[in-house]
Amino acid sequence: MSRQVWKGSTLLNPEPPVLVSCGSPDKPNLITVGWCGTICTQPPMLSISVRPERYSYRLIRESGEFVVNLPTEALVRAVDWCGVKSGRDVDKFAALGLTAAPASRVGTVLLEESPVNLECRVTQAIPLGSHDLFLAECVAVDVDERLLDENGKLCLNRARLIVYSHGDYLALGRRLGTFGYSVRKRRPRR
């Protein structure tokens, strides 16, 4: 296989774009964040990276809270739009006809149209260069009950979540396996 060597880059793809809600309930904002990730199980923690010049950066820094809203195929236009428009200039919820609903454990809002919302409290902000990394504890998860099967198991495949890969928004595809399938013993044939 022939390869080219490029300079260092942030080409880890695909990645989950998320809509982060922040700000006060009377003046909430949405920002699209491409760099979001799980960082710890106990306590449950995640991270988002935000440029300091972004309007939402100050809102998150001052309140110490935000909500990560997982976007669906139906929200892909909002994901793109909220990534190029500033909350300094426009009420993104109103402009897109989206619903800001009260969060259960933090003082900001969640995006009602998102089927999964992760309510977060910042534990640390780390300046890195072009972006600051917000480390946050997830203090509540709000889940649309339509994503639960008859046994209460979360079926995220029902949500029709999206990913972002090198300039393209993509729908998630077919299941290729389940956790541990590569080492699971096969049932004997009868």
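Colleague: Let's start with Ser49: what makes Ser49 count as buried?

Modeller: Buried means under 20% relative accessible area, exposed over 50%, and partly exposed in between, using a 1.4 Å probe and protein chains only. Ser49 comes out at 14%, so buried is the label. Keep in mind that this is a predicted model, where local features need pLDDT of at least 70, side-chain atom pairs count only at pLDDT 80 or more, and totals for chains, interfaces and linings use all residues. Residues are numbered from 1 along each chain as its sequence is written, and side-chain values use heavy atoms, with hydrogens and water left out.

Colleague: Which residues does Ser49 touch?

Modeller: Contact means heavy atoms within 4.5 Å. Leaving out residues up to four places away in sequence, Ser49 touches Val33, Trp35, His131, Asp132 and Leu133. Ser49 itself sits in strand β4, residues 45-50. Strands (E, at least two residues) and helices (H or I, at least four) are DSSP runs, numbered from the N terminus.

Colleague: What makes β2 and β3 edge strands?

Modeller: Two strands pair if DSSP finds at least two bridges between them. On that basis 7 strands form an open sheet, in the order β2-β1-β5-β8-β9-β4-β3, with antiparallel pairing. β2 (27-33) and β3 (36-40) each have a single partner strand, so one side of each has no neighbour in the sheet. From one strand to the next, the twist averages 35°.

Colleague: How do you know that β1 and β5 pair?

Modeller: Count the bridges: β1 (residues 18-24) and β5 (residues 65-69) share 3, in the antiparallel sense, and the cut-off is at least two. Leu19, for one, stands opposite Asn69 in β5.

Colleague: And which residues of α2 are buried?

Modeller: Ala78, Val79, Trp81 and Cys82. Their cover includes β1, β2, α3 (92-96), β10 (162-165) and β11 (168-171). The helix, residues 76-84, lies across β1 and β2 and runs at about 100° to β2. That angle is taken between N-to-C directions, from 0 to 180 degrees, with axes fitted to C-alpha atoms, for helices over the stretch in contact.

Colleague: What makes a set of residues a nonpolar core?

Modeller: The members are buried Ala, Val, Leu, Ile, Met, Phe, Trp, Tyr and Cys residues, joined through side-chain atoms within 4.5 Å. The largest here has 25 residues, and Val20, Val33, Ile48, Phe66 and Val68 have the most contacts inside it. Helix α1 (55-63) gives the largest share, 4 residues. Apart from that core lies another, of 13 residues, among them Leu75, Leu96, Val109 and Leu111.

Colleague: Why is His166 called exposed?

Modeller: The relative accessible area of His166 is 62%, and exposed means over 50%. His166 lies in the loop between β10 and β11. Its phi is positive, about 50°, although His166 is not a glycine.

Colleague: Where else does the backbone deserve a look?

Modeller: Most residues other than glycine have a negative phi, and most peptide bonds are trans. Arg160 has a phi near 60° and sits in the loop between β9 (132-143) and β10. The Asn13 to Pro14 bond is cis, with omega near -5°, and Pro14 is in the segment before β1. Gln42 to Pro43 is cis too, with omega near 0°; Pro43 is in the loop between β3 and β4.
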